[in-house]
Structures are given as C-alpha cells and as structure tokens.
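I opened a new notebook page for this protein.

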Amino acid sequence: MEILQLPYLLTLGLSLYVVYFYAVLIIHRYGPRYKKLQQAVAVAFPGAEVSGFVGRKGSFELEINGELVFSKLETGGFPMEQDVRDALQNTYAGKQVEKWTRNRPPCVIL
C-alpha cells in the first residue's frame, strides 16, 4: 500500500482504529500496511488519533470514530486509498460515516 496523499487538515475528534493480522510468515504481515496508513493519516490529519492492534488471521479492519467502515474479512481485499481518504474527509466534515466494500485484492505469490 502506498502512502496516501491526503490534503492537509487540522482535525479535532477524528480517530482511525485499525485491526490487522501479523504472522511469522512475511507474506502475511499486514503491520507494514498499517504503519504506512498510520503515517499518512498523521501527516494529513495531525490531530487525528490513529491506533491499531494485531487481530485474527486475515484481518485488516478499519474503524472511524468507533464505527466499522471496512473489513478485509468481509471483502477479501485491502481498502482502496481513495475510500480511506474520502471517509476521513467526510467524517471531518461531519458527514455520516458509511461502510464500503470496494477493495484491492491482496498480493498472491504463486
């Protein structure tokens, strides 16, 4: 996942919570995806709280202000950067947080 190019906004009361899978096998480590997301959000939304923890196998779940907005367990892929950007901007603007299912399939090594 590349670092999101989010517009700079001063934020208050915006939190992104990520649950991700982290295994011994390098192909299943989602920690780096979480770290890139965390860095991008911190740059674009400096007042936002970004936190995460290791969850169950195959998970990469996103919650914004306590509401589940994306689930890799449900969709089978990772969130699209534009969807994360839009959801954070909409939340910041006071709009209703909506769950999405559009996703990027995980990389498969044959």
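My entries follow, one topic at a time.

**Entry 1: confidence**

I noted at the start that this is a predicted model. I looked up the confidence before anything else. The mean pLDDT of the protein is 75, and 73% of the residues reach at least 70. I then checked the stretch at residues 1-12. Its pLDDT is below 50, yet in the model it has 39 contacts beyond near neighbours in sequence. Among the elements, I found the highest mean confidence in strand S4 (residues 67-71), at 91. The lowest is in strand S1 (residues 15-20), at a mean of 72.

**Entry 2: overall layout**

I listed the secondary structure next. I have three helices and six strands. Along the sequence they run β-α-β-β-β-α-β-α-β. The protein has 110 residues, and 40% of them are buried.

**Entry 3: helix H3**

I checked the length of helix H3 (residues 81-92). Its twelve residues should span 16 Å at 1.5 Å a residue, and the end C-alpha atoms lie 17 Å apart, so the two values agree.

Which residues of H3 are buried? I wrote down Glu81, Asp83, Val84, Arg85, Ala87, Leu88 and Thr91. I recalled that an α-helix has 3.6 residues a turn, so residues three or four places apart point the same way.

What covers the buried residues of H3? I found that the cover includes helix H1 (31-44) and strand S3 (60-64). It also includes strand S5 (78-79) and strand S6 (103-104).

I picked out valine 84, which sits in helix H3. Valine 84 counts as buried because its relative accessible area is 4%, under the 20% cut-off. I followed valine 84 to leucine 16, which is 68 residues away in sequence. Their C-alpha atoms are 9.8 Å apart in space.

After H3 comes glycine 94, and I noted its positive phi, near 85°.

**Entry 4: salt bridges**

Side chains of opposite charge can pair when their charged atoms come close. I searched for such pairs. How many salt bridges are there? I count two.

I took the pair of glutamate 74 and lysine 99 to begin with. Their closest N and O atoms are 2.8 Å apart. I checked both ends for cover. Glutamate 74 is exposed, at 54% relative accessible area. Lysine 99 is partly exposed, at 41%.

I then turned to aspartate 83 and arginine 102. Their side chains form a salt bridge at 3.1 Å, N to O. Aspartate 83 belongs to helix H3 and arginine 102 to the loop between H3 and S6, and the two are 19 residues apart. Is aspartate 83 buried or exposed? I found it buried, at 13% relative accessibility. Arginine 102 is partly exposed, at 44%.

**Entry 5: the S3 and S4 hairpin**

I went on to the strands. S3 and S4 pair in the antiparallel sense, over four bridges. I found glutamate 61 opposite serine 71, the latter in S4. The two strands make a hairpin with two residues between them. I checked the cover of S3, and four of its five residues are buried.

Where does asparagine 65 lie? I placed it in the loop between S3 and S4. Most residues other than glycine have a negative phi. I therefore marked asparagine 65 for a second look, and found it partly exposed, at 37% relative accessibility.

How values were computed:
Residues are numbered from 1 along each chain as its sequence is written. This is a predicted model: local features need pLDDT of at least 70, side-chain atom pairs count only at pLDDT 80 or more; totals for chains, interfaces and linings use all residues. Side-chain values use heavy atoms; hydrogens and water are left out. pLDDT is the predictor's confidence in each residue, from 0 to 100. Contact means heavy atoms within 4.5 Å. Buried means under 20% relative accessible area, exposed over 50%, partly exposed in between (1.4 Å probe, protein chains only). The expected span of a helix is 1.5 Å times one less than its number of residues. A salt bridge is a side-chain nitrogen of Lys or Arg within 4 Å of a carboxyl oxygen of Asp or Glu. Two strands pair if DSSP finds at least two bridges between them.
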